[in-house]
Amino acid sequence: MRTETPIAVKLADYTPYPFDIEHVDLAFDLDPDATRVTATLKLSRKSKGSAPLVLDGEALKLLSIAIDGRALTPSDYTLTDHDLTLADVPDTFELRTQVEIAPSKNTALSGLYMSGGRFCSQCESVGFRRITYYPDRPDVMSRFFVTVTADKAACPIMLSNGTPGEVTDAGNGRHKATWDDPHKKPSYLFALCAGDYDVYRDSFTTMSGKQIDLAIHVDKGDADRAAWAMDSLKRSMAWDEETYGREYDLGVFNIVAVRDFNFGAMENKGLNVFNSAYVLADEDSATDADFEAIESIVAHEYFHNWTGNRITCRDWFQLCLKEGLTVFRDQNFSADMRSRPVQRIKDVIRLRARQFAEDAGPLAHPVRPANYGAIDNLYTATVYEKGAELIGMLRRMIGPEAYRQGMDLYFDRHDGQAVTIEEFYACFADVTGKDFGPFLRWYAQAGTPQVTVEESWDEAAGELTIKLAQATPPTPGQPTKKPVPIPLELALLDGKGGTDAWMTVLDTAETTITRKTDGGRPLLSVNRDFSAPIRVGRDLTRDQRLALVVAETDPFNQWEGVQTLVTEEILKLSEGSQAQPDSDLVAAVAEAIGNASGDPAFAALLTRLPEVGELFLERKPADPVALHSGRKRLQAALAATLAPTIATTLAAPSPTPYRPSAEQAGVRALRGAFINLLGASDDADAPKTLLSLYRHATNMTERLAAMRALTMKGQSAERDEALADFEQNWKHNPIVMDKWFAVQAGQGTAATVAELASHPDFDLKNPNRVRAVVGVFSTANLAAFHAPDGSGYRAVEDIILKADAANPALAARLLAAFEQWRMLEPRAGAAAEATLQRLQDAKLSPNSADIVGRALG
C-alpha cells in the first residue's frame, strides 16, 4: 500500500515561534539501549496571547514533565508521535522533561545514534526532535549548557558544543563532563559525541593572538591519517581571516570522524562531525581526489562558523543562504590553494552533471523553493552548487571591494540572528545603492536559462553587432518565466592573442550590443569563466568552433570549446554504430592536449569527454546505451592518436616521494587521464600494460586508475587479478574498500550490482557502502542503469526499498537517480516509469514518497 503523501510546507505560511527559549540545560545519561535525556528550558512568551506551547518530538519515550517544578499528568498535555502540546502555559516559566531514547536502534542516523560502538549525533535538519522535545526549527536560538554522564571505559572522551568544563567522577564506573556554549544557536547545530578515540592535536593562533586548541578524534590507530585534515583546517582558518576578516570565536575546535554518516560532514558549533572518508588520508590509502575533497570539505564546514552558525537561516526555505554562500567560499578557498582555472572547470563540471540535470527534470525546484514535502530532500545541487553560482554572479556584478563591504555589513548587522535571503541582499543594496529585486528572481525561478547569441559583421564600419536573448524552459509548477539579470563576460579575440573584454548584464528578454574593432572580423568569446549558470546557444560551424578554441585566451572557454566540439561528435557517433570519429577533430583535441602539457592538470581536463548524463540534455529522447557507445569510440580514437604521448608519459616514473600538492596532483591527473584512455582503447595489449601499471603503482591515485581502466575492458584475467589483489590488500580498510565496490559498480552490469550486494562486506546500514554500489551504479554507469530491459532498475529497486526501511534519508537520495527518466528513449523510459510506479505502491517513508511522487508528477 502507498504511504501517506508528505504534507507540503509553504514559505508563505511562515510565522515566528511564539516563545523565546533563553537557556537550555541538557543532561545526558548515556546508554546504548536506554539513554536518558533531561531537558530544562527557560521560556518566555514573545507577545501577548494564548498560543499553546508545541514541541517537536519523534521516537521518544516520555518519562516525566514538569512546569516550574510541578509535575504534569497526561491530562495536562497532548502527546502524539510527532509533537508534545501544552495548551495552557504561563508567560514565563521553566519546563523540564525527561525522555528515554535508544541510540543503538537508531538506523536512520538522525538524532543520537551509535557508530562503531560510539555515540554520535546528527541534528540537521530535523534530528534534534529525536533527542528531546523541543521547537526543532532554525529560528529558535538559545544558549545551551550540556552535561554528559557515561561509562568511563566505553566513553573516556565526551564532547559537545562550546567550552569544556571539568570532568568529574559520577560513581559506579561512570564520569561526567560539562560543556557551555556561549553563542546562541538553533537545535540543528547541537552535537554530542562520546567514545574511545585516538586524537590528533594541534593549535592555531588567530590574527588577534588567541590560541585555539584543535583536535581531530578518529578510530584507534588512525590518528596519523588525520594530519592532512588538520593542515586543511589551519589553512582554512588563516584564509577566512585574510579574505573575510573572520576570526574563530571559541577556545577549542573539535572534529569527530565517524564511519556511519548520511552526509559528508556537519558544521555543529565548535564540534564538527565528519564522515570518516573526508578526514582520513595518507599517501598509501588515499587518492589525490581524496586529499582535494578533504581540503574542500574541512574548509566548507569551518567557513560555516560564520555563514551558517553565527548567522543562520530563519527557516529551511532559506537553506541556500548558508549552503550556497558557504560553497562559494570553499570553492574560492580551493582555487587559492590550487589552480583557479582548473578549480573553476571542476566546479562547472559538477554543476552541469548534477544541477543542470536537476533543473531539466521533474525534481526541478528554485534555489529558494516556495514549498517542500520533506526538507531532507532539498539538500540538492540546486541549493548548493547553483546557490554558489548566484553569489558568484553577485560578486561579479558589484566587484570584489563592494562584495567584501557587503559581507562585512552582513556579519555586523546580523550576527547572532536567523535571517532571510532578502536581509542578506539588503546589505549589498545599502553598500552599493543598487536594487537587487530583479536578481532575486534567480532564487524564485527553477530552470536553467538559455541564452542565444547571434552575430552580424559590418565590414565597412568595422562593427560587430551581437544580439543576446534569454529564455528559461518551463519547470514543474512554473510554466512561464521572467527574465533574470545575467552577467556575461564577453571578449573579442583577434586570433593573435589580442583581447577586448568587457562584462554586460542581460536583464531583459533580449538586447543588442554593437562593438567597434580594428583589423577585421574578430571572434566572439561568450560567458568567459562561466560567468553565469546558463546554457549558451550559438549557430557556429565546426571550423568556427575550432578557430575559437585556438584563439581563446580564457582557460575555461578553451576547455568549453573542446567540450562543445566533442559533444557534437559523440551525438553524431551515437546515431549509428558504423560511424567513425572525425580524424581532424581527434587530431585537434590531441594537439590541444599536447599544447597544454605545461599545465598537466589543465591538459588532463582536456582529455575528459562529457559524461552520458550530461549528453541527455543535448539529445531527446536520450539513448544512454548509444551515447555510451559513441563516447567510448571517440575515447578509443583519441587514445590511438595520443598513443606515443601516452606511452612516453606513463613510462616516466610518477613523482616521488608522494605529496598531496597541487603540482604533483596535476602530474598524476594527466597520467590518470592517459590510463583512462588506455582503458577505452582498442589496443589488444592494453590489459597487460594496465596490469603492469597497477602492480608498479606507487600511490593510490594510479593504482585505482589502473584497476578502473581494467574494469572498463570487461572480463579478463588481468582484471580479475587486480580486483583480487586489491581486495586482499585493503579488505580491512573500509574507506578504501568503498573504492573497490565503486569501481566495479561504475563499470559493470545489473548482475555486478547483485554480486556486490551479496558480498559479505556489503552493509546496508552503512551509507558509504550503499552509495558506493547503488549510488555509483545509478549515477555514473547510466548505460547499465538505464538498460532498455529494465534490469538496471530491478538491480537497485530491492536495495532501495530495504534502505528506506532503515534510513529514509539515504533511500530518498538514491531515488533521485530517476530524475531524468522522462528524457529516455521509449523502452527505457517505460521501464523506469514502471519501476517508479511499483515504488509508489510500496510502503515508502515520507522522504522517499516525496521523491517518487514528484518524479512521476
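**Helix H16 and beyond**

Tutor: In this predicted model, helix H16 covers residues 662–680, and its 19 residues reach 27 Å from the first C-alpha to the last. That span is close to the 27 Å expected at 1.5 Å a residue. H16 is mostly covered, with 14 of its 19 residues buried.

The loop that comes between helix H15 (643–651) and H16 holds Pro657. The peptide bond joining Thr656 and Pro657 is cis, and its omega is about -10 degrees. Most residues other than glycine have a negative phi, and most peptide bonds are trans.

H16 is one of the helices against which the buried residues of H12 pack; the others are helix H4 (340–359), helix H10 (555–573), helix H11 (583–595) and helix H14 (624–641). Helix H12 runs over residues 600–607 and is mostly covered, eight of its eight residues being buried. Those buried residues are Pro600, Ala601, Phe602, Ala603, Ala604, Leu605, Leu606 and Thr607. An α-helix has 3.6 residues a turn, so residues three or four places apart point the same way.

Arg545 lies in helix H9, residues 542–551. Its relative accessible area is 14%, and since buried means under 20%, Arg545 counts as buried. Leaving aside neighbours within four places in sequence, the contacts of Arg545 are Arg538, Leu540, Thr564, Leu565 and Glu568. Leu390 is placed in helix H5, residues 381–398, and is buried, with a relative accessible area of 0%. Residues up to four places away in sequence not being counted, Leu390 touches Val367, Tyr425, Phe439, Trp442 and Tyr443. The C-alpha atom of Leu390 is separated by 29 Å from that of Arg771, and these two residues are 381 residues apart along the chain.

Next come two helix pairs. Two packed helices are described by the angle between their axes and the distance between the axes. For helix H2 (residues 288–303) and helix H3 (residues 319–337), the axes come within 9 Å and cross at roughly 135 degrees. The crossing in which H2 passes H3 is right-handed. On the H2 side the contact is made by Glu295, Ser296, Ala299, His300 and Phe303, and on the H3 side by Glu323, Thr326, Val327, Arg329, Asp330, Phe333, Ser334 and Met337. By class, the residues of this contact between H2 and H3 are five nonpolar, four polar and four charged.

The second pair is helix H21 (residues 750–757) with helix H24 (residues 791–806), packed at an angle of about 20 degrees with axes 8 Å apart. Angles under 35 degrees count as roughly parallel, so H21 and H24 are roughly parallel to each other. H21 passes H24 in a crossing that is left-handed. From H21, Ala750, Val753 and Ala757 meet Ser791, Gly792, Ala795 and Ile799 of H24. This contact of H21 with H24 has five nonpolar and two polar residues, and no charged residues.

The backbone also has positive phi values in residues other than glycine. One is at Asn172, where phi is near 55 degrees. Asn172 sits in the loop between strand E15 (168–171) and strand E16 (174–185). Its relative accessible area is 79%, so Asn172 is exposed. Another is at Phe530, with phi near 50 degrees, in the loop between strand E31 (523–526) and strand E32 (535–538). Phe530 has 1% relative accessibility and therefore counts as buried.

Conventions:
Residues numbered from 1 in each chain as written. Predicted model: local features only at pLDDT ≥ 70, side-chain atom pairs only at ≥ 80, totals over all residues. Heavy atoms only, no water. Axes fitted to C-alpha atoms, helices over the stretch in contact; angles between N-to-C directions. Helix = DSSP H or I, 4+ residues; strand = E, 2+ residues; numbered from the N terminus. Left-handed = near helix turned anticlockwise from the far one by under 90°. Contact = heavy atoms within 4.5 Å. Nonpolar A, V, L, I, M, F, W, Y, C, P; charged D, E, K, R; others polar. Expected span 1.5 Å × (residues − 1). Buried < 20%, exposed > 50% of the residue type's maximum accessible area, 1.4 Å probe, protein only. Parallel < 35°, antiparallel > 145°, perpendicular 65-115°, else oblique.
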